[in-house]
Amino acid sequence: MTIEVRPASVFEDVRTLLGPKSPDANVCWCLSYRIPSRLNNELRGPARGAYVAELCRTGPPPGVLAYDGDEPVGWAAVAPRSDTSFARNRKIPHVDDLPVWSLWCIRVRPGHRKQGISHALIAGAVEFARAHGAPAVEAYPLDNGGAKVDLTMAYAGIRKNFERAGFTKAADTTSVLAGHPRILMRLDLR
């Protein structure tokens, strides 16, 4: 298996990873941190997918996709922190004034997990951010200490996977997800 990571500019492939089985469902579509909470609450059902389709058409795309051949098997959301709710998040601190990019969601399709795809997604998201001028990339993974993490809440990633990618802990946060503290990790690209 050879995994290739590409910008998420093909909406149908993004839909494969993030879209609901029922078009009227109000699933996340990885918008919760990307857009203001008021807009996030207003977008319902198909309007959520339409919003993501527009993101895929405009630049830069909303993240990266991992492919096994032509099949999309993974997703990572990455964008300038200033364009996300992390810019105003009181639980996740700002380390400095550097215009960092945030990497906040990693998703691997069932049947493709435990094959290193999340590692490829992290590396691909970093390269995507670097190509768009990011001086650093931040992530806010769970510091689970090796404890099992509920897959539904594992989207933030886990500390050890970011450490393997060269990220280092930059700060503690007051954010908790699935009973595990989240930490701020950073990879300097300068």
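**Sheet architecture and pockets of the predicted model**

Strand S6 (residues 168-177) and strand S7 (residues 180-188) run antiparallel and are joined by six bridges, where strands (E, at least two residues) and helices (H or I, at least four residues) are DSSP runs numbered from the N terminus, and two strands pair if DSSP finds at least two bridges between them. The model is a predicted one, in which local features need pLDDT of at least 70 and side-chain atom pairs count only at pLDDT 80 or more, whereas totals for chains, interfaces and linings use all residues. Residues are numbered from 1 along each chain as its sequence is written, and side-chain values use heavy atoms, with hydrogens and water left out.

The seven strands form an open sheet of mixed pairing in the order S1-S2-S3-S4-S5-S7-S6. Strand S1 (3-7) and S6 stand at the edges with a single partner strand each, so one side of each is left without a neighbour in the sheet. From one strand to the next the twist averages 25°, with axes taken as lines fitted to C-alpha atoms, for helices over the stretch in contact, and angles running from 0 to 180 degrees between N-to-C directions. Helix H1 (residues 11-18) packs on the sheet and touches strand S2 (63-68), strand S3 (71-80) and strand S4 (101-108), its direction making about 95° with that of S3; contact here means heavy atoms within 4.5 Å. Helix H4 (residues 117-131) lies across S1, S2, S3, S4, S5 and S7, and runs at about 150° to S4.

The largest pocket holds about 1300 Å³ of space, a pocket being an open set of points on a 1 Å grid over the protein atoms alone where a 1.4 Å probe fits, with protein on both sides within 12 Å along at least five of seven lines, and lining residues having an atom within 4 Å of a point. Grid points are joined across faces, edges and corners, and the volume is the space filled by probe spheres set on the points. Of the 44 lining residues, Ile 106, Val 108, Arg 113, Leu 151 and Ala 154 are the closest to the centre of this pocket. The largest share of the lining, five residues, comes from S4.
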